[in-house]
Amino acid sequence: MRRHLSSIRWVALGVFALSAFESIASAEPAAEERREVTAPVLLKSVEPVYPDAERAKGETASVGLVLSIDVEGHVSDVSVVRSAGPAFDAAATEAAKQLAFTPATRAGKATAARIPFSFEFVLAPATNSVSAGAASDAARQSERPTPSASNPASAAKPAATPAPVAPLVASDDEGIDVDVTGKRPPREPTKHVIEAAELTKIPGTNGDALRAIGSMPGVARPPGLAGLIIVRGSAPNDTQVHVDGTTVPIAYHFGGLSSVVPSEMLERLDFYPGNFGPEYGRAMGGVIDVGLRSPRKDRIGGLVQIDMLDARLLAEGPISKHTRFMVAGRRSWVDTWLGPMMRSAGLGVSVAPVYYDYQAMLEHDLSRATTLRLTAFGSDDRLALTQNTPDATDPAQGGDLSLHTRFWRVQARGDTRLSANARWINTLSYGSDANRFGTGNLGLDVRIRPLEARSDVRFRISPALTAVAGLDAMFASYDVLWKFPPFDLNSQDTAGPLFGRPVTPLRGQGNLFRPAAYAMLEVAPLRGLKLLPGVRADYARDTEHVTLDPRIAARYDLRSEFPRTTLKGGVGVFHQPPEPYESSEPFGTKGVQANRAIHYSAGVEQEFTQQVELSVEGFYKDLDQLVEPVPAANATANGFLYQNVGSGRSYGTEFLLRYKPDARFFGWIAYTLSRSERTDGPGQATHVFQYDQTHILTALASVKLGRGWQLGGRFRYVTGSPYTPYAGGVMDYDAGTYSPVSGAQWSERLAAFHQLDLRVDKTWKFNAWQFTAYLDLQNAYYRKNPEGVSYNYNYSQSSTLSGLPILPVLGFKGEI
């Protein structure tokens with residue numbers, strides 16, 4: 001029950017403006033800035049010749065180059081740094097030699113330069129090819145499915161971004177290095193980015209991008225069909241999920257089978273397992289930041305996808321030159337096969353789980369510098385479980401069980417580039433959350449109306465200094481109805497079955513207001529060194545308390561050129577306000593304060609080849625002031641008080657050996673060795689945390705075989721989850737049934753979980769559309785993984801509950 005309540009995000013309002021930064025950003029640059037490096041600008045674009053053999057096979061590729069450009073703007077040397085095979089490499093090199101640029105300058109004087117550059121070989125009608133210098137978004141918008149092998153319209157598209165990012169200045173003799181297309185170095189010690197080529201092809205995820213988070217280091221496996229996110233030994237409610245700056249209460253539908261935002265709408269998916277920047281707050285676990293992409297601008301497009309889990313639709317395209325739209329929706333039909341499967345397994349239940357989600361976006365270019373976006377999205381999950389026979393140990397829990405989780409958001413977002421060095425993003429959202437749970441005569445009904453505002457400005461003061469500042473405010477009204485007997489949410493013992501105890505109806509209504517402000521600097525005092533000091537201040541009206549969270553992170557390139565070696569580390573304070581049921585009467589206790597965690601991390605990143613990189617990181621989280629329920633039968637209606645008496649720690653080491661996506665292959669091996677412990681109060685014994693998993697191993701790979709075939713596999717091994725055993729039962733003659741006698745808390749573990757998932761895709765490409773068939777086979781060798789323990793009527797015997805058996809998901813997708 002506590003996990004159910006803790007999954008609810010309570011939000012609130014504050015709308016603020018940072019107009020002072022606009023005037024600063026538009027001011028005349030300082031003399032020092034005017035003398036900084038300017039990057040070469042492409043003058044002449046050349047399309048490489050598409051290799052005939054590769055075109056006939058329908059193969060695509062991306063070739064990464066480093067170009068040496070002389071003082072006259074000619075390409076004097078070409079080096080291949082990301083190979084796609086001899087044929088593609090030769091075509092790209094030959095085309096690159098014919099490019100022409102304006103020369104780079106430093107202090108107004110032409111100088112030699114080296115820049116990254118890439119050619120994207122994409123089979124597309126020639127009328128839609130993208131010339132070098134076009135943004136990557138435009139390249140994506142113009143992509144077309146493969147024409148026939150004999151169609152001469154096939155074209156290779158060079159892609160590069162002409163604006164420099166953090167130029168690196170070498171000696172006058174060597175010229176300068178300008179990072180043109182390279183990725184921006186992360187600001188946090190650890191930021192896992194799942195790239196577009198990986199998002200929908202990871203085996204065992206059914207092509208769902210958000211489910212790919214479960215394959216990253218530091219992420220524990222949740223209980224079967226729970227759909228929770230457990231990061232570095234933290235509770236699920238300690239990790240936040242953001243969609244374009246707006247907090248959402250859940251990431252996954254029922255059972256964790258699908259996420260609430262379709263992968264096809266994502267522009268980016270960033271995962272911060274700890275030590276995240278001050279722009280994120282009210283969380284002491286991790287952060288998942290999902291960015292929605294813009295609708296396509298060139299033409300109407302869309303997709304239809306149908307598989308064994310659900311069906312989904314998406315349509316997008318331009319309305320006018322400056323306005324575009326995107327709409328999408330999904331509905332499950334798990335109810336058509338899961339119910340019969342559970343009945344055939346002898347579980348004595350009939351089940352009807354249904355989920356759906358929807359999204360709509362309207363985007364308009366208000367000017368060349370400002371884009372406005374209006375987005376509506378939501379999710380709905382309903383589960384009705386009818387048990388044919390009552391629970392032998394507690395008849396009150398027999399009969400019908402229902403669960404309904406719903407949320408929706410309407411979001412307005414403005415993105416303004418105040419100048420070449422400043423960007424201002426404002427977001428305002430309003431929505432509704434509803435959570436209903438009922439079994440027998442017991443139940444919970446939670447309704448929330450959140451209003452959330454965020455304003456974030458980033459200003460590049462000089463090549464070595466960037467300032468970030470923002471305001472983040474939440475306001476929410478809530479209405480909660482609670483119908484349960486008083487009991488200790490942390491205890492495994494009960495005073496008899498639920499039906500033998502009086503039900504205490506409680507109803508609470510009120511408002512929450514939680515504003516915050518943050519600031520951070522990105523300082524590069526030396527070449528290869530980046531320091532990231534920051535601070536965040538939060539206020540919670542329900543606790544009448546202000547928290548201050550200083551944080552600092554650092555990254556240092558021991559070797560900046562290939563193969564790069566980077567040291568990284570960070571330390572910071574992270575406060576998480578109590579859940580409203582813990583701080584707001586009549587459920588909570590007035591005066592309870594925020595939970596606190598201090599994150600420490602240190603690690604190293606090492607490149608071995610252009611594609612292979614190893615990251616090793618150690619982490620330690622010191623937890624204190626944790627809110628815990630303390631029995632107080634006569635003090636409150638629900639039988640306990642909440643106090644900041646808990647403490648704990650989580651520590652471990654994470655390894656990620658990754659082969660970054662190239663034209664044919666991607667994969668990684670992730671391993672986490674960790675331990676998570678808690679102490680519930682003064683004088684109490686320290687115990688392993690309920691979400692502790694000592695060993696977490698994931699190995700996955702996916703390879704393109706040619707002619708539209710792609711094959712992948714994922715293997716996972718996870719230490720079994722802790723549980724509290726029952727030592728036996730005591731007869732309760734008043735209630736007429738047995739009550740359990742608990743053993744040591746979380747002292748036993750389930751057997752280890754291990755599973756192999758396989759995925760195969762076949763894509764057929766035509767002139768105007770493409771069709772894909774796929775099979776995602778989960779639990780390929782039919783492992784009966786333990787998910788829990790069940791006891792007989794008097795708790796004298798136990799048996800292991802197994803998870804879902806082999807799950808083949810056959811699906812089809814058509815795209816235009």
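Reader: Which residues touch the most other members of the largest nonpolar core?

Author: The model discussed here is predicted. In soluble globular proteins, nonpolar side chains tend to be buried together. The largest nonpolar core has 37 residues, and strand 14 (240-243), strand 16, strand 17 (287-292), strand 20 and strand 35 (665-679) each supply at least two residues of this core. Within this core, the residues that touch the most other members are Leu-269 and Ile-288.

Reader: What is Ile-288 in contact with, leaving aside its neighbours within four places in sequence?

Author: With those neighbours set aside, the contacts of Ile-288 include Leu-269, which is named with Ile-288 for touching the most other core members.

Reader: Which residues of helix 5 (residues 86-96) are buried, and what covers them?

Author: A residue counts as buried when its relative accessible area is under 20%. In helix 5, this holds for Phe-88, Asp-89, Ala-91, Ala-92, Thr-93, Ala-95 and Ala-96. Their cover includes helix 4 (52-56), strand 2 (61-69), strand 3 (75-82) and strand 7 (113-122).

Reader: Is Asp-307 buried or exposed, and with which side chains does the side chain of Asp-307 make polar contacts?

Author: Asp-307 is found in strand 18 (residues 301-307) and is buried, with a relative accessible area of 4%. Not counting residues up to four places away in sequence, Asp-307 touches Asn-206, Arg-312, Trp-333, Tyr-774, Val-809, Leu-810 and Gly-811. Its side chain makes a polar contact at 3.2 Å with the side chain of Asn-206, and another at 2.8 Å with the side chain of Tyr-774.

Reader: Where is Trp-333 placed, and what accessible area does its nonpolar patch have?

Author: Trp-333 is in the loop between strand 20 (323-332) and helix 8 (335-344). With a relative accessible area of 31%, Trp-333 is partly exposed. On the surface, Trp-333 forms a nonpolar patch with Val-304, Ile-306 and Leu-313, and the accessible area of these residues together is about 340 Å².

Reader: How many residues apart in sequence are the parts tied together by Glu-264 and Lys-813?

Author: The side chains of Glu-264 and Lys-813 meet in a salt bridge, at 4.0 Å from N to O. Glu-264 lies in the loop between strand 15 (246-248) and strand 16 (266-272), and Lys-813 lies in strand 47 (residues 807-815), so the parts that the pair ties together are separated in sequence by 549 residues.

Reader: How far apart are the closest N and O atoms in the salt bridge of Asp-433 with Arg-409?

Author: Asp-433 counts as buried at 1% relative accessibility, and Arg-409 is buried with a relative accessible area of 2%. Asp-433 is in strand 25 (residues 422-439) and Arg-409 in strand 24 (residues 400-419), 24 residues apart. The closest N and O atoms of this salt bridge are separated by 2.8 Å.

Conventions: Residues numbered from 1 in each chain as written. Predicted model: local features only at pLDDT ≥ 70, side-chain atom pairs only at ≥ 80, totals over all residues. Heavy atoms only, no water. Helix = DSSP H or I, 4+ residues; strand = E, 2+ residues; numbered from the N terminus. Buried < 20%, exposed > 50% of the residue type's maximum accessible area, 1.4 Å probe, protein only. Patch = residues over 30% accessible without salt bridge, like charges linked within 9 Å, V, L, I, M, F, W, Y side chains within 5 Å. Areas by Shrake-Rupley, 256 points an atom, 1.4 Å probe, with all protein chains shown as cover. Contact = heavy atoms within 4.5 Å. Core = buried A, V, L, I, M, F, W, Y, C linked by side-chain atoms within 4.5 Å. Polar contact = N/O pair within 3.5 Å; in protein donor to acceptor, adjacent residues only side chain to side chain.
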